[in-house]
Every structure is written in structure tokens, then in C-alpha cells.
Amino acid sequence: MMKILRYLLFPIVPVYYLVTWFRNKLYDLGIKTSTSYNFPVICVGNLSVGGTGKSPMIEYLIRLLKSEHHLATLSRGYGRQTEGFVIADDTATASSIGDEPFQFYQKFDDIIVSVDANRVHGISQLSTLAKPPEIILLDDAFQHRRVKAGFNILLTAFDDLYTKDILLPTGNLREPRRGAKRADIIVVTKCPEDLSEEKKQQIKNDINPLPHQDVFFGSIAYSKSVRNNQDRLDLERLKDTPFTLVTGIANPKPLIAHLKLLGLKFEHLRFKDHHDFNASEIAILKQKSLIVTTEKDMVRLQTHFSESGLLYYLPIEIRIDRQVEFDTLISNFVK
């Protein structure tokens with residue numbers, strides 16, 4: 001039904017195009033102003049709605065830079081029950097700052113994790129701290145043009161390339177494809193590990209990068225074990241143990257394909273991205289014998305499960321081809 005509705009709404013696509021094109025044109029011409037900064041601001045975003053791997057990319061940048069620089073992440077905090085500017089502290093939860101920022105906070109105790117829907121205001125607040133960050137990583141802010149980031153990383157998923165998509169509401173694009181011109185780096189994420197050079201070149205030809213742009217290819221590196229705060233289980237041990245896979249992410253297809261490739265047997269309960277699990281859903285999940293979920297879903301589910309042997313998540317990281325070149329581009333910008 002949703003697909004049918006999207007096709008029926010196709011006449012709205014040109015209207016959406018004109019609105020987003022006109023807005024971007026106002027920024028391009030300087031009629032609407034963007035704020036620039038005299039310290040490194042790196043933006044990670046996409047043209048489409050969700051599912052491109054922004055969180056793993058932010059975590060990659062954190063690991064790359066945190067040993068030599070004082071970092072802050074600034075996210076909108078989608079789905080949180082608070083407003084305005086918030087810095088994560090010991091009282092933070094997924095409800096107070098959003099699931100992805102809370103994931104950053106739990107994993108990295110030596111950076112600042114903050115949220116603010118108004119990124120200009122958020123950066124201003126971070127700059128007034130007693131120890132302000134040296135670098136700010138903007139999560140999902142490619143369309144937030146009130147901030148002029150010094151470096152833009154645009155992500156597009158291998159199985160859902162922006163070059164093959166159209167605008168909302170029929171397609172998944174937030175703005176016209178020409179918006180990709182603002183990127184410094186374009187990363188094709190969630191690629192098969194055996195992606196051929198021929199296929200890479202074909203995708204590069206479709207993207208048709210500008211002279212100043214470089215295109216990289218990233219794949220998901222799945223952990224060999226699932227874990228929670230008290231325990232971990234090797235995936236090999238689950239081959240004879242059927243389990244329930246619970247996902248509340250935009251695109252669970254790569255995860256499903258990976259688990260099936262390992263020969264694992266599971267039922268899949270799929271929820272919408274950033275799903276806020278209600279009491280009846282939690283009650284149903286607690287009747288399951290074993291649950292595997294994503295790290296983003298774990299931060300929303302873990303408070304409901306005291307049984308250490310019931311709920312586990314599968315950690316992931318992003319791997320980038322030509323990693324040295326990618327890291328060098330980031331490091332050179334920061335310098």
C-alpha cells in the first residue's frame with residue numbers, strides 16, 4: 001500500500017523539487033546566509049532518507065581523530081523527548097538525547113556528545129565551554145545549510161544510490177541530486193566485500209564527481225560475536241540456536257544477508273527507523289528465548305531487559321577502500 005501511495009503522490013515531486021532547489025539556490029547566491037567557522041567542522045550526511053551508515057562513519061572519524069584532538073559530535077537528536085541544546089552526561093538516556101548520540105556517548109568517554117536541532121546554536125554553545133572542542137563532527141547535517149561546514153562527507157548506499165533515485169515523496173531523496181556537488185568526499189557505503197574494480201568504475205561514472213571530489217567505497221565489518229554488557233556469544237555458536245532478529249533501522253537488508261550467509265536461523269521482527277518500543281511490544285519480545293538486535297536498537301531496548309542471556313547486539317564498523325588516502329584527506333583538512 002505504501003508503494004502504491006508513493007506512486008500516486010508522484011505529481012507532488014516537481015513541487016518538492018522546486019521548493020528544495022529554490023532554498024539551495026538562495027544559499028548558493030548568498031541571499032540566505034551560512035555561518036563559517038575558524039576551526040574544523042566536518043559534516044557527515046546524505047541526500048536520501050536514512051540507511052546510509054552515518055553513525056558508523058561518525059564513529060570511524062572519532063577513532064581516527066580522538067587521540068590527537070578534543071572532539072565533539074553534534075546531532076539533531078532525532079526522537080528525543082528534550083528540546084534545545086543538551087550535552088550528554090551520566091544522566092543521559094536514548095530518550096533525552098536520541099539513540100545514535102547515546103550510542104556515541106556509551107562507546108566514547110573522552111569526547112563531547114551533544115544535540116541541538118539548531119546546529120548554529122549548538123556550535124555556539126560548544127564554543128563557550130571551558131574546554132571547547134577543537135573539531136566538531138556534524139551528524140546528518142548535509143541539508144542544514146545554515147552551517148557552512150569546512151568539509152562535507154556525503155554517503156550513499158550501494159543498493160540505493162542517489163544517482164538512481166528521485167525526490168520525495170515518490171523516491172527517497174531529500175533534495176535534488178545536484179546537491180552532491182557540495183560534497184568533498186562521496187562514500188558508497190554497504191558495498192559487498194568482493195565488489196569488483198569494474199563495478200566501482202561503473203558507479204564512479206554514474207556519480208560523475210567534480211574535479212575536487214573523490215569517491216570511496218565502504219563495506220560493513222560485522223563482529224564475529226554478539227554481546228551485551230555482561231556477556232558475548234560467538235556467532236558460530238548460534239548456528240544450531242534459532243533466535244529473533246529485532247531491527248528498528250532504515251535498511252536492515254545488509255544485516256539480514258550477512259546472518260543468512262553465515263547459515264543462521266532466525267525470525268525477523270522489523271520496526272521503523274528509531275522506533276520507540278511500547279510496553280506491549282516489550283512484553284512480546286520478553287517471551288522470546290534469544291534476541292539479536294543492532295547497536296542502535298540496543299540503546300533503546302537495554303533498559304527493559306535485565307536478563308543478561310536474552311538480549312544481544314551485533315557490533316559493526318565501516319571499512320573503507322584506499323583507507324590511507326581517505327584518512328590523509330581528513331587529516332590534511334584538520335591541519
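User: What does His144 touch, leaving out residues up to four places away in sequence?
Analyst: His144 touches Ala117, Asn118, Arg119 and Val120, where contact means heavy atoms within 4.5 Å. This is a predicted model: local features need pLDDT of at least 70, side-chain atom pairs count only at pLDDT 80 or more, and totals for chains, interfaces and linings use all residues. Residues are numbered from 1 along each chain as its sequence is written, and side-chain values use heavy atoms, with hydrogens and water left out.

User: Where is His144, and is it buried or exposed?
Analyst: His144 sits in the loop between strand S5 (135-139) and S6. His144 counts as buried because its relative accessibility is 18%. Buried means under 20% relative accessible area, exposed over 50%, and partly exposed in between, with a 1.4 Å probe and protein chains only. Helices (H or I, at least four residues) and strands (E, at least two) are DSSP runs, numbered from the N terminus.

User: Which salt bridge does Asp140 make?
Analyst: Asp140 pairs with Arg174, at 2.8 Å from N to O. The two are 34 residues apart, with Asp140 in the loop between S5 and S6 and Arg174 in the loop between S6 and S7. Asp140 is partly exposed, at a relative accessible area of 25%. A salt bridge here is a side-chain nitrogen of Lys or Arg within 4 Å of a carboxyl oxygen of Asp or Glu.

User: How many salt bridges by that rule?
Analyst: The count is 20. One of them joins Lys107 to Glu295, with the closest N and O atoms 3.3 Å apart.

User: How many bridges join S6 to S7?
Analyst: S6 (residues 151-157) and S7 (residues 185-189) are parallel and joined by 5 bridges. Ile153 stands opposite Ile185 in S7.

User: What about S11, which way do its side chains point?
Analyst: Phe243, Leu245 and Thr247 point one way, Thr244 and Val246 the other, and all are buried. Side chains in a regular strand alternate between the two faces of the sheet. S11 (residues 243-247) pairs in the parallel sense with strand S12 (residues 266-270) over 5 bridges. Val246 has Leu269 as its bridge partner in S12.

User: And Met1, buried or exposed?
Analyst: Met1 is exposed, at 81% relative accessible area. Met1 is in the segment before helix H1 (2-8).

Notes
Pairing = 2+ DSSP bridges.
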